[in-house]
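The sequence and the structure come first.

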Amino acid sequence: MPMIPKDPDSTLVKRQFAVVYTKKRGRKRFPENCVETVTSKEEALDKSDSDSAKYPAIVVGPSRSSEGIRLFYLLEWLD
């Protein structure tokens, strides 16, 4: 697992199921506006749509980058 910096403004940096909007699945981190967190694996799978570039995943975050952007880090694609 990559080193994930803690966000001093957030106590909620944790592992979560999500739907990630991305054109390139080779990336390992995503800005907050590209990630929709959900409550379960099933919900992530239901909300995913590869035609719209929305993929189910397990992510960790959010964490603030050195540029001040809140990021989620990819742990695993679910499909």
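R70 is partly exposed, with a relative accessible area of 22%; partly exposed lies between buried, under 20%, and exposed, over 50%, for a 1.4 Å probe and protein chains only. The side chain of R70 meets that of E32 in a salt bridge, 3.2 Å from N to O. A salt bridge here is a side-chain nitrogen of Lys or Arg within 4 Å of a carboxyl oxygen of Asp or Glu. R70 belongs to strand β5 and E32 to the loop between β2 and β3 (35-38), so the pair ties together parts that are 38 residues apart in sequence. Helices (H or I, at least four residues) and strands (E, at least two) are DSSP runs numbered from the N terminus. E32 is also partly exposed, at 35% relative accessible area.

The model is predicted: local features need pLDDT of at least 70 and side-chain atom pairs count only at pLDDT 80 or more, while totals for chains, interfaces and linings use all residues. Residues are numbered from 1 along each chain as its sequence is written, and side-chain values use heavy atoms, with hydrogens and water left out.

**Salt bridges**

The count comes to four salt bridges, including these:

| Pair | N to O distance |
|---|---|
| R70 and E32 | 3.2 Å |
| E36 and K47 | 2.7 Å |
| E43 and K47 | 3.6 Å |

E36 lies in strand β3 and K47 in helix α1 (residues 41-47), so this pair ties together parts that are eleven residues apart in sequence. E43 and K47 are four residues apart in helix α1, a separation of about one helical turn. Salt bridges link E36, E43 and K47 in a network. Its members are partly exposed: E36 has a relative accessible area of 37%, K47 of 38% and E43 of 25%.

**Strand pairing**

Strand β5 (residues 70-77) pairs with strand β2 (residues 29-31) through three bridges, and the two run antiparallel. Strands count as paired if DSSP finds at least two bridges between them. P31 has L71 in β5 as its bridge partner. Strand β4 (residues 54-64) is also antiparallel to β5, joined to it by six bridges. Within this pairing, A57 stands opposite W77. β4 and β5 form a hairpin with five residues between them, and G68 in the turn has a positive phi of about 90°.

**Aromatic contacts**

Which residues do ring pairs link into a cluster? They are F30, Y55 and W77. Rings of Phe, Tyr and Trp (its six-membered ring) pair if their centres lie within 6.5 Å; planes under 30 degrees apart count as stacked, over 60 as edge-to-face and the rest as tilted. The whole structure holds two aromatic pairs. In the edge-to-face pair of F30 and W77, the centres are 6.0 Å apart and the planes are at 70°. This pair links distant parts of the chain, with F30 in strand β2 and W77 in strand β5, 47 residues apart. Both F30 and W77 are buried. The ring centres of Y55 and W77 are 6.1 Å apart with planes at 75°, so this pair is edge-to-face. Y55 in strand β4 and W77 in strand β5 are 22 residues apart, and the pair links distant parts of the chain. Both Y55 and W77 are buried.

R25 lies over the face of Y55, at 4.4 Å from the ring centre. The charged end of R25 sits over the ring of W77 as well, 4.5 Å from its centre. The criterion is NZ of Lys or CZ of Arg within 6 Å of the ring centre and within 35 degrees of the ring normal.
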